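Visitor: Can you walk me through this one? I'd like to go contact by contact.

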Amino acid sequence: GGGGGRGGGDGAVTLDGCLAEFCREEVLDDGEKFYCTQCAQHVRAHKRLAVWRLPPVLVLHLKRFAFTDTCREKLEHAVDFPLAALDVGAALAHGSPSRVADGGAPLYDLYATCCHTGTLHNGHYHAVCRSHVDGEWYMFNDGHVSRADLSPNSAQRAKLAKEAYVLFYKRRELGQPPPHAATLVSEPRRASAAARANRMQPAAAGAGSATGDGGGGVTVAGSSSAAGALSHHTTHRPHTKSQPLAA
């Protein structure tokens with residue numbers, strides 16, 4: 001929201017604050033009253049969104065564009081988000097199977113961001129990603145790739161806080177991300193070349209079989225980007241209603 005997600009004494013917008021605002025309990029009253037099937041009438045109720053199950057890859061979409069009946073604008077607030085050890089335990093529903101042994105939540109590490117620069121009507125997208133080869137951050141801007149300095153208080157870190165649009169986190173126990181792009185491109189080419197060379201070889205006597213070109217496809221596993229299911233709790237004391245919502 002426009003005024004949500006603020007935390008700390010300086011009023012800065014933080015990712016923790018944004019998650020807390022997203023999961024904040026609301027009162028359904030007036031024209032939004034909840035229809036209770038047990039009471040057979042519309043009643044004043046409390047609603048809260050919570051995450052039921054955490055995914056291996058957590059994708060967080062920051063609200064950078066605001067649309068109202070009279071105004072459309074891009075939101076350029078700086079959002080402070082961690083590069084490592086993101087804890088989303090406060091957003092988990094009670095009894096969530098994603099909680100770890102001590103009742104907390106698994107930690108997430110950032111590995112990529114999608115950024116937007118410009119205005120609502122004329123903008124440009126680029127990405128900032130961390131290499132699993134050397135552990136450094138790089139900016140990918142069309143055909144240009146350059147090293148990114150995301151150390152605390154750096155100019156690029158401050159710029160990223162204002163331009164980050166979508167954040168990609170992976171659960172820490174997943175380890176290294178999938179192979180880098182060069183591997184994904186080169187492996188199919190090598191497989192196809194080997195298949196073509198094999199077709200050109202004369203068949204061995206009595207072999208009775210031939211090898212075709214299977215396309216050399218590469219499957220990358222362990223990078224599901226599906227968001228975890230949300231648990232939608234609507235409470236009218238003494239009645240409680242809970243129903244799952246797809247993310």
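Guide: Start with a polar contact (a pair of N or O atoms within 3.5 Å; within protein, one must be able to donate a hydrogen and the other to accept it, and residues adjacent in sequence count only if both atoms are side-chain atoms). A polar atom of the S98 side chain lies 2.7 Å from the backbone nitrogen of L54. This is a predicted model: local features need pLDDT of at least 70, side-chain atom pairs count only at pLDDT 80 or more, and totals for chains, interfaces and linings use all residues. Residues are numbered from 1 along each chain as its sequence is written, and side-chain values use heavy atoms, with hydrogens and water left out.

Visitor: Where is S98 found?

Guide: S98 is in the loop between β10 and β11. Helices (H or I, at least four residues) and strands (E, at least two) are DSSP runs, numbered from the N terminus.

Visitor: Is S98 buried or exposed?

Guide: S98 counts as buried, because its relative accessibility is 13%. Buried means under 20% relative accessible area, exposed over 50%, and partly exposed in between (1.4 Å probe, protein chains only).

Visitor: What does S98 touch?

Guide: Leaving out residues up to four places away in sequence, S98 touches W52, R53, L54, L92, G104 and P106. Contact means heavy atoms within 4.5 Å.

Visitor: And A91, where does that sit?

Guide: A91 is also placed in the loop between β10 and β11. A91 counts as buried, because its relative accessibility is 6%. Beyond its neighbours within four places in sequence, A91 is in contact with C23, A50 and V51.

Visitor: Let's switch to strands. Which way do β11 and β15 run?

Guide: β11 and β15 pair in the antiparallel sense, over 7 bridges. Two strands pair if DSSP finds at least two bridges between them. In this pairing, L110 stands opposite Y169 in β15. β6 and β15 also run antiparallel, joined by 5 bridges. There, V57 stands opposite K170.

Visitor: How many residues of β15 are buried?

Guide: 7 of the 8, so β15 is largely enclosed by the rest of the structure.

Visitor: Which residues does Y169 touch?

Guide: Not counting residues up to four places away in sequence, the list includes L15, P56, V57, L58, L60, F81 and P82. L86, Y108, D109, L110 and Y111 are also among the contacts of Y169.

Visitor: What about the largest nonpolar core?

Guide: A nonpolar core is a set of buried Ala, Val, Leu, Ile, Met, Phe, Trp, Tyr and Cys residues joined through side-chain atoms within 4.5 Å. The largest has 29 residues. L15, F81, L86, V128, L167 and Y169 touch the most other members. Elements giving two or more residues to this core are α1 (15–22), β6 (57–61), β11, β13 and β15. Apart from it lies another core of 5 residues, among them L28, F34, V43 and A45.

Visitor: On to rings. How many aromatic pairs are there?

Guide: A search of the whole structure finds 3. Rings of Phe, Tyr and Trp (its six-membered ring) pair if their centres lie within 6.5 Å; planes under 30 degrees apart count as stacked, over 60 as edge-to-face and the rest as tilted. Y111 and F168 form a tilted pair, 6.3 Å centre to centre and 50° between the planes. Y111 lies in β11 and F168 in β15, so the pair ties together parts that are 57 residues apart in sequence. Y111 counts as partly exposed, at 26% relative accessibility. F168 is partly exposed too, at 24%.

Visitor: Give me another pair.

Guide: Y125 and Y165 have ring centres 6.1 Å apart and planes at 35°, so this pair is tilted. Y125 lies in β12 and Y165 in β15, so the pair ties together parts that are 40 residues apart in sequence. Y125 is partly exposed, with a relative accessible area of 44%. Y165 is buried, with 15%. Ring pairs link F65, Y125 and Y165 into a cluster.

Visitor: Last topic: which residues of α2 are buried?

Guide: In α2 (155–163), L160, A161 and E163 are buried. What covers the buried residues of α2 includes β9 (79–80), β11 (107–118), β12 (123–130) and β15 (164–171).
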